[in-house]
Amino acid sequence: MSVEVQPLTGPSGMGDRPKITKDVWFLLFVVGTAFMASRYDFQLSTLALPQFQQAFGYDDQTSVLIGTIAKVGAIPAVMLTLMADRIGRKPLFLLAILGFSASALLTAMAQNPLMLASGLFFTRLFTMVDELLAVVLLAEAAPPQARAWMLGLLSLLGASGDGIALAAYGTFADQPDAWRWMYAAGAVPAILSIIWRLALPESAAFVAAKQANQADQFALIRDNRRPVILIGIAYFLFWLPISPALSYNSQYLQSVAKWEPSQVALVSFAAGMVGLVGTFLGGRLADRFGRKPVALVATLICVFGLSGVYLNSQFGFVGAALSVGYMAWFAASVALRATMTELIPTKARATVAGTSEIGASSGAILGGSLVAFLIPVLGGLGHALLAMMPLVVLALVAIAFLPETKGRVLGEGEEVGDTKA
């Protein structure tokens, strides 16, 4: 897949802008449809926590623990992603689609908490593989001057899956066992999207890298240990306070603030629509001013916004706070994803990106575990979530140590250490 880059001077004074070919737009559509389906499944896994709790009769602490167990699925996902630098991005991408389709059906048929946790575990495993490879495929095809913006568009397509899940949840969640067929429906678009994958070519950057040199995955990790450690620590500390705040707002608003599912869905949908501005804004600002400053500012704003959800349960206040939190979260995610892909040479990109995601998943797992521990100590879910927020200071320090990667060309012969911090 080729990218034709032609200088175009825009009226906005942004400087030269690349022409993005039809092949790249098609790739965005192809990987975006799978991203949409995976986000639908993942969004339901957080929205429906109160319905899972009602169906199987456990308490808030157990609910948080089950949600945390589901996040552990991201760790074995890394082992699968390591294979993408040997056998290619496309075969694993197809496997991930089949995997989260089957996992969605397993969750829908759960008869006890153990079966439920297993279904959620495998859903997270395969959606993580899908999301990692979607980012790698698009980053390797997009021109460097528009890479963060294209990744922002990918996030937008994924967010549409969140929106579909919110709409379905808000309309039907009050009905008995509605979560079962809503989860089963998550397998349908994933299976249909296989048709598009048949037209998906292998990454041209991967093909060129494989022809040039084929290295062992663990050797690739050793050779690129500095970016692995840097991005892994940054992701770990980023997700430590933010993952629980994002994952358990539905649980908090329904079980503590006594909201109806339709209210949760409405405010989440409205805030998500406002928050999507962050994908465009974050991508554009990261392409113009750099990945690191955007990630720093957006991370800090994100924590302030999400904290508001647990400080005041009035509908309008929660909507405004969640909107700010989502917008900043989208912007920070785009900037960090761009940094992750640009820190790593092509031949090792999937391997190192997958390995560094261990940091993100570990942060989410530890964050959820700490919240479960703090619930009885501090007297409630909201207090436990707020107690995690000051840890964002550590995330800001870690992001500040990342190299700035704006404008890097992704091709063979690139050097990991050629970018100044």
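Buried means under 20% relative accessible area, exposed over 50%, and partly exposed in between (1.4 Å probe, protein chains only). The model is predicted: local features need pLDDT of at least 70, side-chain atom pairs count only at pLDDT 80 or more, and totals for chains, interfaces and linings use all residues. Residues are numbered from 1 along each chain as its sequence is written, and side-chain values use heavy atoms, with hydrogens and water left out.

**Figure 1. Overview of the protein.** The secondary structure comes to 22 helices and 2 strands; helices (H or I, at least four residues) and strands (E, at least two) are DSSP runs, numbered from the N terminus. Of the 421 residues, 60% are buried. Among contacts (heavy atoms within 4.5 Å) with a separation of 6 or more, 82% are between residues 24 or more positions apart.

**Figure 2. Salt bridge between Arg180 and Asp177.** A salt bridge is a side-chain nitrogen of Lys or Arg within 4 Å of a carboxyl oxygen of Asp or Glu, and by this rule the count comes to 3. The side chains of Arg180 and Asp177 meet in one of them, at 3.8 Å from N to O. Arg180 has a relative accessible area of 18% and is therefore buried. Asp177, at 43%, is partly exposed.

**Figure 3. Salt bridge between Asp162 and Arg39.** The closest N and O atoms of Asp162 and Arg39 are 3.3 Å apart. This pair links distant parts of the chain, with Asp162 in helix α8 (residues 147-172) and Arg39 in helix α1 (residues 22-47), 123 residues apart. Both Asp162 and Arg39 are buried.

**Figure 4. Salt bridge between Asp287 and Arg291.** Here the closest N and O atoms are 2.9 Å apart. Asp287 is buried, with a relative accessible area of 17%. Arg291 is buried as well, with a value of 0%.

**Figure 5. Packing of helix α14 against helix α22.** The axes of α14 (residues 225-247) and α22 (residues 392-400) come within 8 Å and cross at roughly 155°. Axes are lines fitted to C-alpha atoms, for helices over the stretch in contact, and angles run from 0 to 180 degrees between N-to-C directions. The angle makes α14 roughly antiparallel to α22 (under 35 degrees counts as roughly parallel, over 145 as roughly antiparallel, 65 to 115 as roughly perpendicular and the rest as oblique). Ile233, Ala234, Leu237, Phe238 and Pro241 of α14 meet Val392, Leu394, Ala395, Ala398 and Ile399 of α22. By class, this contact has 10 nonpolar, no polar and no charged residues; Ala, Val, Leu, Ile, Met, Phe, Trp, Tyr, Cys and Pro count as nonpolar, Asp, Glu, Lys and Arg as charged, and the others, Gly among them, as polar.

**Figure 6. Packing of helix α18 against helix α22.** Helix α18 (residues 291-309) packs with α22 at an angle of about 175°, their axes being 9 Å apart. That makes α18 roughly antiparallel to α22. From α18, the contact is made by Lys292, Ala295, Leu296, Thr299, Leu300 and Val303, and from α22 by Val392, Leu396, Ile399 and Ala400. These residues divide into 8 nonpolar, 1 polar and 1 charged.

**Figure 7. Packing of helix α16 against helix α17.** Helix α16 (residues 261-275) and helix α17 (residues 277-289) pack at about 20°, with their axes 5 Å apart. That makes α16 roughly parallel to α17. Met273, Val274 and Gly275 of α16 make the contact with Val277, Gly278 and Thr279 of α17. The contact residues divide into 3 nonpolar, 3 polar and no charged.
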